[in-house]
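Have the model open as you read.

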Amino acid sequence: MRVMESGFCSQEGGCDWAVGIHAEVEKALSKGLLIAQKHPSLRPLRHHLTLLHAHFAFTFPSSTTSPKFARAILRRLIASFVPSDPPGTVYDAHLALITQITTPSPSSNAAANTSPAPLGAPALQATLTAIDTLITLARKNHHPRIIALAHVIRLCILLRAGAWAQVGAALDTAEAALGLMFDKDGKINNDKGHITAMANAKQDDDTLPRWNSITAHDVNALSREYSQVHITSNLSNVEPKLEEESDPAHASLVIHTLLSGTIFLTFSGNIRAAEQRLVALHEIVDSGALEGFKDGIVQIPLSPHPPLAVHTTHPLILLPLTFLVSATAKRDPVGRNPKRRLWADAAISILNTAREDIELPLWASLADRDEIIQRTVRLTADLLCELIAISIQRSEFDAAETHLNALLTLTHTHDLFHSYSARITLHAAHLAHALGDTEHAGVCYRVAKSLDDERNAGAGYVGAAACAGEALLRIGLRAQAQGDGENSKSCVIEDTGSDKSDWLDAETHALARSAIQRCHGMGGTLEAVGKVVQAAVAGARGEIVGAKSHLKSALSLSTLAGENHLRALLLAQVGAQYLHTAPAHAMETLAVCETLGAGMGAKPKDVDGGKGKGKGKEKDDTDGGDGSIGNAPLRLWVGERFLEIFKRANKPHRVAKQEAYNAMYRGAVEGMVGRTRWSSAVEPDHDEKGLADGEDVKMQHLDPDQDVEM
């Protein structure tokens, strides 16, 4: 069977000496089972041969065998067990049945370049029933390790199936079974008390007099509370018990649980709880827990019976997977060295320097080694996707194009393009959108949505993101056209009927409705994006109160999720709502937005070793690269709002200074649109470099008279 799994019997590329092995294996299994059934003393051997028969029927279907037949064999075997049978053999049969139910049949997933399809409702229900049976049996036998294993399997299966409504309860149960304890909802204590204002992020449950207002105090408090820089975790509650520290099986279960918990909580938009699991995950990985099962096999003791050998995820996969999950959970692109990029770069370095001699059990086949290599390639592709995303968010477009080309090369080389085509196209859409190429961005959004809908029947994450991106792109283009039309007509009509104030066409409305519907229930980040689309539609209709309500909900969700890139956009929209009614409040909100925009491109500090420099000083940026500007379109837009406020407040010196900043940002934006190289578009004079190095980040504080009264 190992020869067959390694591909030596395949019609294309097979070996002559392996011809006919399929028939020989089938004949040997039949004879062995017949002999074992006739001799009661060979009962343990009969169980082992039956498990091999089920594996053979599932892996190599033919006219006489099939996956359905294999599962029937396992169910008959489970029903035939008696109390005197070794528990390890009984558990092995249950685990084999769970594996076969959750594994796609070889005929439907024969190609190595296709991702496994998500579990359907019947398969998921059958799997959960089999897991419940295993838990009941383990409780009867008083085997807590098997109970914990079953709970971790349930968690991973629910996560893979996307049954988000059940994942939370499964995570709590698995963590309790393994002795992992975390602060509920990720709340922590700070100097000012326990902050719980945004714990639930409800939509329409506020009835305060100023319920649509987001003050700068609230913004700064939330920023401190949900910052990804200062994270605390009750590690004393997470550390395993003394007798479990050297147990590879327990360590493997804890690592898988923490990985699943981090993924789920990141998806749900609870960055605080995800950070706690992430800290605990790195704590156990850094302690050398992966060294306990170098070959990917862990032994679960079942004293006084022989232990149960379980095939777990190989350490060569777990280590870069930990870094990939860390990069995915670190959503904040602001800062000189964003953790998302650091973790992704480190993981790619690990994968590039991986040893060729992968340590495997003696009975492993070439197929097992090829599977590990295939997973490392997929991990590399996923990490490149993270690097593309963070580069686009930080306006590092040359790096984004480099990583995108590397991803295309990798997927074509390893025949994985079909699996990643939707994500690659979505990244191309985001890159074109960020560079102002709206026509190309719109085409890529539609293609990405179509590709993802083909694979996920219209319920995929990439398809929802592409639909929302196209909707916001069309709304922005319509708003730009509407603004140009109003400027050309110089009309003075302010209070027209609300029925004529909607400037979106029917096609855009239909696309926006689809985006809102698809984003609902797709996690904290996309849920916030859906609220942004709702706010844009409400604003197009002149529904100011409704737009503010949706913006507030989106800001709450993005803050809880640690999405500072989206949060900057939301703060800009919130500040624009108060330009005329509360300019001081608008400046406070826009100042935070401008700071985030500058941080999405901050470069690492170069420390000068001169005396008296303290922490060191940042050298002048001599290349004028994109990192010195950050998000230039956002900063230009905020600068224009500041300029408008300063002009109304009659502050000529502030107006002159702001016009200089806006000219620098405008040059950067123009260079983005028609750039051949980003660095050539932004080359400020030596005098302006000092401003770009951070002085303009808090430009509203340069004037001693900071009050803006209208």
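## A serine and its surroundings

Start with S558: leaving aside residues up to four places away in sequence, S558 is in contact (heavy atoms within 4.5 Å) with A528, E563, L566, R567 and L570. This serine belongs to helix α22, which covers residues 544-561; helices here are DSSP runs of H or I with at least four residues, strands are runs of E with at least two, and both are numbered from the N terminus.

S558 comes out at 1% relative accessibility, so it counts as buried. For the cut-offs, buried is under 20% relative accessible area, exposed is over 50%, and partly exposed is in between, using a 1.4 Å probe and protein chains only. The S558 side chain also gets to the backbone oxygen of L555, at 3.0 Å.

## What kind of model this is

This is a predicted model, where local features need pLDDT of at least 70 and side-chain atom pairs count only at pLDDT 80 or more, while totals for chains, interfaces and linings use all residues. Residues are numbered from 1 along each chain as its sequence is written, and side-chain values use heavy atoms, with hydrogens and water left out.

## A hairpin

Next up are β3 (residues 297-302) and β4 (residues 305-311), which pair antiparallel over 5 bridges; pairing takes at least two DSSP bridges between the strands. The two form a hairpin, with 2 residues between them. Look for V298, whose bridge partner in β4 is V310.

## Aromatic pairs

Searching the whole structure turns up 6 aromatic pairs. Rings of Phe, Tyr and Trp (its six-membered ring) pair if their centres lie within 6.5 Å; planes under 30 degrees apart are stacked, over 60 edge-to-face, and the rest tilted. Take F323 and W343: their ring centres are 5.0 Å apart with planes at 55°, so this pair is tilted. F323 sits in helix α13 (residues 315-329) and W343 in helix α14 (residues 339-352), so the pair ties together parts 20 residues apart in sequence. F323 is buried at 13% relative accessibility, whereas W343, at 23%, is partly exposed.

Then there's F642 with F646, ring centres 6.0 Å apart and planes at 10°, so that pair is stacked. Both lie in helix α25 (residues 632-648), 4 residues apart, or about one turn of the helix, and both are buried. Elsewhere, ring pairs join W164, F264, F267 and Y461 in a cluster.

Methods:
A polar contact is a pair of N or O atoms within 3.5 Å; within protein, one must be able to donate a hydrogen and the other to accept it, and residues adjacent in sequence count only if both atoms are side-chain atoms.
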